[in-house]
Amino acid sequence: MGHAEEVAKFAAILEQKGLLSGIEGNVSVIDRETGHIFITPSRRMKLLLTPEDICVVDAGGEQIGGSGRRSSEFFLHEAIYRARPDVSAVVHSHSPYLTAYALRYEDLVVPETASIRGFFPRMVCLPFGQPGTHEIHRGIENALAQCPVCLLGGHGAVSASATLEDAAALLCAAENTAKALWVARTMG
């Protein structure tokens, strides 16, 4: 499967699961040999994307392929790839429960007794950074060094991993963890 096909496939899966919406969230992979980043286009329903729609951005930041304009959060993805040479896939989400924590500007701390704690001991919440700018990724390197998922203050969440399948799975697990913790919190 090519990079564009993979991005289109996982973007659709994540929208079906309610982790991305028609106009929010984005998915990317980087080809470490060429430096090309394959990223979902801005303001497009992920369920309808084809491989031809996926934007391709060269190592100089110039869009060289795809239909529409690259995601407005391209700088976030690019910063993660620069900071983490072990990462080749990024998912940025506005999933409901992770975003709720991000809107509260609080780290998501998983209790010691939770089995998922081995993956997510603490999801750091970064300070607010204007979406679509370099401000949004301020502190991302340190946050992702602690956990493969972090929160973007007042905005959403991001997961990063070596493969898109793993980045997507981590985001799904993090959202389920956030949901469980939120429900437990409201139960008193």
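Tutor: Start with a definition. Buried means under 20% relative accessible area, exposed means over 50%, and partly exposed lies in between. Keep in mind that this is a predicted model.

Student: Is Ser-95 buried or exposed?

Tutor: Ser-95 counts as buried, because its relative accessibility is 0%. Ser-95 sits in the loop between β5 (89-93) and α3.

Student: Which residues does Ser-95 touch, not counting residues up to four places away in sequence?

Tutor: Gly-18, Leu-19 and Glu-175. With Glu-175 there is also a polar contact: the two side chains are joined at 2.8 Å.

Student: Which residues are buried in helix α3?

Tutor: Helix α3 covers residues 96-103, and Leu-98, Thr-99, Ala-100, Tyr-101 and Ala-102 are buried there. Look at the backbone just after α3 as well: Tyr-105 takes a positive phi of about 55 degrees.

Student: Let us turn to the sheet. How do strands pair in general?

Tutor: Strands of a sheet pair through backbone hydrogen bonds, and the pairing is either parallel or antiparallel.

Student: In what order do the eight strands run here?

Tutor: The order is β4-β3-β2-β1-β5-β10-β9-β8. The sheet is open, with mixed pairing. At its edges are β4 (63-65) and β8 (125-126), each pairing on one side only.

Student: In what sense do β1 and β2 pair, and over how many bridges?

Tutor: Strand β1 (residues 26-30) pairs with β2 in the antiparallel sense, over three bridges.

Student: Next, Glu-73. Where is Glu-73 found?

Tutor: In the loop between β4 and α2 (74-83). Glu-73 is a buried residue, since its relative accessible area is 4%.

Student: What is Glu-73 in contact with, leaving aside its neighbours within four places in sequence?

Tutor: Its contacts are Asn-26, His-92, Pro-131, Gly-132, Ile-136 and His-155. Two of these deserve a distance. A polar atom of the Glu-73 side chain lies 3.2 Å from the backbone nitrogen of Gly-132.

Student: How many salt bridges does the structure hold?

Tutor: Six. Among them is the one between the side chains of Glu-106 and Arg-104, at 2.9 Å from N to O. Another joins Arg-185 with Glu-106, where the closest N and O atoms are 2.9 Å apart.

Student: Why does the pair of Arg-185 and Glu-106 tie together parts of the chain?

Tutor: Because Arg-185 lies in helix α5 and Glu-106 in the loop between α3 and β6 (108-109), the pair ties together parts 79 residues apart in sequence. Arg-185 counts as partly exposed, at 39% relative accessibility. Arg-104 is partly exposed too, with a relative accessible area of 46%.

Student: What does Asp-107 form a salt bridge with?

Tutor: With Arg-122, the closest N and O atoms being 3.1 Å apart. This pair links distant parts of the chain, 15 residues apart: Asp-107 is in the loop between α3 and β6, and Arg-122 is in strand β7 (residues 122-123). Asp-107 counts as partly exposed at 28% relative accessibility. For Arg-122 the value is 38%, so Arg-122 counts as partly exposed.

Student: Which residues do salt bridges with shared partners join into one network?

Tutor: Arg-104, Glu-106 and Arg-185.

Student: Now helix α5. Is Leu-170 buried or exposed?

Tutor: Leu-170 is buried, because its relative accessible area is 10%. Its place is in helix α5 (residues 164-186). Not counting residues up to four places away in sequence, Leu-170 touches Phe-119, Phe-120, Pro-148, Val-149, Ala-160 and Ser-161. The C-alpha atoms of Leu-170 and Ser-159 are separated by 6.8 Å, the two residues being 11 apart along the chain.

Student: Last, the surface. Which residues make the nonpolar surface patch?

Tutor: Met-45, Leu-47 and Leu-48 make a patch of about 290 Å². Leu-48 lies in the loop between β2 (37-39) and β3 (55-57). Leu-48 is exposed, because its relative accessible area is 58%.

Technical notes: Residues are numbered from 1 along each chain as its sequence is written. This is a predicted model: local features need pLDDT of at least 70, side-chain atom pairs count only at pLDDT 80 or more; totals for chains, interfaces and linings use all residues. Side-chain values use heavy atoms; hydrogens and water are left out. Patches are made of residues with over 30% relative accessible area and no salt bridge: like charges are joined within 9 Å, nonpolar side chains (Val, Leu, Ile, Met, Phe, Trp, Tyr) within 5 Å. Accessible areas come from the Shrake-Rupley method with a 1.4 Å probe; for residues, only the protein chains shown count as cover. A salt bridge is a side-chain nitrogen of Lys or Arg within 4 Å of a carboxyl oxygen of Asp or Glu. Helices (H or I, at least four residues) and strands (E, at least two) are DSSP runs, numbered from the N terminus. Buried means under 20% relative accessible area, exposed over 50%, partly exposed in between (1.4 Å probe, protein chains only). Contact means heavy atoms within 4.5 Å. Two strands pair if DSSP finds at least two bridges between them. A polar contact is a pair of N or O atoms within 3.5 Å; within protein, one must be able to donate a hydrogen and the other to accept it, and residues adjacent in sequence count only if both atoms are side-chain atoms.
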